[in-house]
Amino acid sequence: MSRHTPVMSVMVAAARKAARGLQRDFGEVENLQVSMKGPGDFVSAADKKAEKILFEELSKARPGYAFLMEEGGAIEGSDKSHRWIIDPLDGTTNFLHGIPQFAISIGLERDGQMVAGLVYNPVTDEMFLAEKGQGAFLNDRRIRVAVRRELNQAVVGCGTPNIGRPDHEGYIAELRQVMLEVAGVRRMGAASLDLAYVAAGRFDAYWEANLSPWDMAAGIVLVREAGGFVSDLHGREEMLKTGGILAGNEMLHGQLAKVLKRARASA
């Protein structure tokens, strides 16, 4: 996909424009660490600014498409079959702490199906792209999910329920069980990038609960187009509704699903 389709060109241009502000703002974060109030307010403003740019650019290029955004919520469009699902800054806690693991995430839904996804980390300049039926790419290089077949050789990404989030006990039970069966567990702090890492074969699998649609939308397309399997935590395709996600290659997706089910039964 070195020559982008029209819709992908639109997404790339919007992401690059929003990324310029985030790069500048990320450079400023260190200067704000001395003030407790400063960084939080600053990151919130950076988030909103990036979302405004994405909204304006995508609206201009595709008038009438609906939106679902982290900050701006749902915006109806005259085109009832298309919807952009956007996270302008996935990994705000990382951003706030000067950790270069965050991303812009843009997903396109057509008639209820995710058909295109972009995940872009402005600091590393890694752009993950996928469009239904076209394959998945990292900076124009084709990517595929990892081929490992055994959980005991797998590095698995996850998310942790932080302060104020539900189901700490359930997560601890899952983590305990998974840790007994895999080569390593990683918690990186940006769900969209975790899914992109599965697509690129960096993570063998990934699971998380209580996510929002904009955390997952783009990544779902990336993993599928890279030859992987994505479901919610109950094995269904209800990720955007249930907020749970499980991704990996066919073998590891199935094996990890069994481990998580066992963990939940014993929790």
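Mentor: Start with F95. Its relative accessibility is 0%, so F95 counts as buried. Keep in mind that this model is predicted. Now take F102. Its relative accessible area is also 0%, under the 20% cut-off, so F102 is buried.

Next, look for ring pairs. A search of the whole structure turns up eight aromatic pairs. One of them joins F95 and F102. That pair is edge-to-face, with 4.9 Å from centre to centre and 75 degrees between the planes. Compare Y171 and W207, which make a stacked pair.

Go back to the phenylalanines. F95 and F102 belong to a cluster that also includes F26, linked by ring pairs. At Y197, the charged end of R202 sits over the ring, 4.8 Å from its centre.

Now turn to the open space. The largest pocket has a volume of about 780 Å³. It is lined by 38 residues, and N162, R165, R187, E208 and L211 are the closest to its centre. Helix α4 and strand β11 each supply at least two residues, and so do β3, α3 and α6. By class, the lining holds 13 nonpolar, 15 polar and ten charged residues.

One loop deserves a stop. N210 lies between β11 and α6. N210 is not a glycine, yet its phi is positive, at about 60 degrees. Most residues other than glycine have a negative phi. With a relative accessible area of 32%, N210 is partly exposed. D140 is another case. Its phi is near 75 degrees, a positive value, and D140 is not a glycine either. Look for D140 in the loop between β7 and β8. At 43% relative accessibility, D140 counts as partly exposed.

Move on to the second largest pocket. Its volume is about 270 Å³. Of its 14 lining residues, E109, G112, E237, M239 and L240 lie nearest the centre. β5, α6 and α7 each give two or more residues to this lining. The classes here are six nonpolar, two polar and six charged.

Finish with E237, one of the residues nearest the centre of that pocket. Find E237 in the loop between β12 and α7. Its relative accessible area is 57%, over the 50% cut-off, so E237 is exposed. The side chain of E237 makes a polar contact of 3.4 Å with the side chain of R224. In sequence, E237 and R165 are 72 residues apart. In space, they are 23 Å apart, C-alpha to C-alpha.

Begin at the buried F95, and follow the ring pairs to F26 and F102.

Technical notes:
Residues are numbered from 1 along each chain as its sequence is written. This is a predicted model: local features need pLDDT of at least 70, side-chain atom pairs count only at pLDDT 80 or more; totals for chains, interfaces and linings use all residues. Side-chain values use heavy atoms; hydrogens and water are left out. On a 1 Å grid over the protein atoms alone, a cavity is a set of points where a 1.4 Å probe fits but cannot get out, and a pocket is an open set with protein on both sides within 12 Å along at least five of seven lines; lining residues have an atom within 4 Å of a point. Grid points are joined across faces, edges and corners, and a volume is the space filled by probe spheres set on the points. Helices (H or I, at least four residues) and strands (E, at least two) are DSSP runs, numbered from the N terminus. Ala, Val, Leu, Ile, Met, Phe, Trp, Tyr, Cys and Pro count as nonpolar, Asp, Glu, Lys and Arg as charged, and the others, Gly among them, as polar. Rings of Phe, Tyr and Trp (its six-membered ring) pair if their centres lie within 6.5 Å; planes under 30 degrees apart count as stacked, over 60 as edge-to-face and the rest as tilted. Buried means under 20% relative accessible area, exposed over 50%, partly exposed in between (1.4 Å probe, protein chains only). A charge sits over a ring if NZ of Lys or CZ of Arg is within 6 Å of the ring centre and within 35 degrees of the ring normal. A polar contact is a pair of N or O atoms within 3.5 Å; within protein, one must be able to donate a hydrogen and the other to accept it, and residues adjacent in sequence count only if both atoms are side-chain atoms.
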